[in-house]
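Please look over the sequence and the model shown here before reading on. The report that follows takes up charged pairs, surface patches and backbone turns.

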Amino acid sequence: MLVPEIGLDARFEEFDLGRYERSWLGVPLLANGVCFGYMTMLSVESAAYGKEQAALVSTFANQAAIAIHNAQLYEEIRRYADELEGRVAQRTEELRYANQEIKTSEHRYRTLFESTFEGICVHDKGLLVDANPAFANMLGYSHSEIIGMSVLDLVTDESRDFVLSKIISMDERPYEVVGVRKDGSTFDVEIQGKKHI
């Protein structure tokens, strides 16, 4: 926009431009078709700017707009990267803490599991996936021997259907059956199942 005499233009009445400024040239700064500012020039001479000067300033303004827009994008990306880095650091710390809690909890579980005098086993649909030393000792097996065995192999033939029905129904009430040790000897045993979540 070219204004040859700003003293005669009502749009400039509210601006305190001083007594000496007479002509004004304004060129918008555009980025992606959006105006985000203006480049302006003032002169003490009346009608100091024409189309030639406006074209020159427009070229410069276009280059300045690209540079400013790119700088703003870079700053926005840098802020986003900093924010993302902060979130990753926070999440990493949360995961580290959660991992430590899991290790502590697992250590407590393992200590209780291995030091209790009662036999405890964990099975998946009847196949043993873990057992404490008391369970293995009670049946005369080592820990490595018992893992992978079926719980049905550890009871008498007469008890198998009953144990299988308890496993299928996930019944948590205690019940008694006859167990079979590795050496073939039998013993009365009370079993209580618990659903593993």
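## Charged pairs and surface patches

Arg-78 and Glu-75 lie 3 residues apart in helix α1, which means that about one helical turn separates them; helices (H or I, at least four residues) and strands (E, at least two) are here DSSP runs, numbered from the N terminus. This is a predicted model, in which local features need pLDDT of at least 70 and side-chain atom pairs count only at pLDDT 80 or more, while totals for chains, interfaces and linings use all residues. Residues are numbered from 1 along each chain as its sequence is written, and side-chain values use heavy atoms, with hydrogens and water left out.

The side chains of Arg-78 and Glu-75 form a salt bridge, a term that requires a side-chain nitrogen of Lys or Arg within 4 Å of a carboxyl oxygen of Asp or Glu. By this rule the count comes to 14 salt bridges, and the table lists three of them.

| Pair | N to O distance |
|---|---|
| Arg-78 and Glu-75 | 2.4 Å |
| Arg-110 and Glu-114 | 3.6 Å |
| Arg-110 and Asp-130 | 2.9 Å |

The pair of Arg-110 and Asp-130 links distant parts of the chain, since Arg-110 belongs to helix α1 and Asp-130 to strand β5, 20 residues apart. Asp-130 is buried, at 11% relative accessibility, whereas Arg-110 is partly exposed at 30%; buried means under 20% relative accessible area, exposed over 50%, and partly exposed in between (1.4 Å probe, protein chains only). Salt bridges that share partners also join Glu-75, Arg-78, Arg-79 and Asp-82 into one network.

On the surface, Glu-118, Glu-176, Asp-188 and Glu-190 gather in a patch of negative charge, and Tyr-80, Leu-84 and Val-88 make a nonpolar patch of about 300 Å². Such patches consist of residues with over 30% relative accessible area and no salt bridge, with like charges joined within 9 Å and nonpolar side chains (Val, Leu, Ile, Met, Phe, Trp, Tyr) within 5 Å. Glu-190, in strand β7 (residues 186-191), is exposed at 56% relative accessibility, while Val-88 is partly exposed at 47%.

Strand β7 runs antiparallel to strand β6 (residues 175-180), and 6 bridges join the two; strands pair if DSSP finds at least two bridges between them. In the hairpin of β6 and β7, with 5 residues between the strands, Gly-184 takes a positive phi near 95°. Lys-125, although not a glycine, has a positive phi of about 55° and is found in the loop between β4 (121-124) and β5 (127-131).

Definitions and conventions
Accessible areas come from the Shrake-Rupley method with a 1.4 Å probe; for residues, only the protein chains shown count as cover. Lys and Arg count as positive and Asp and Glu as negative; His and the chain ends are not counted. The place of a charge is taken as NZ of Lys, CZ of Arg, CG of Asp or CD of Glu.
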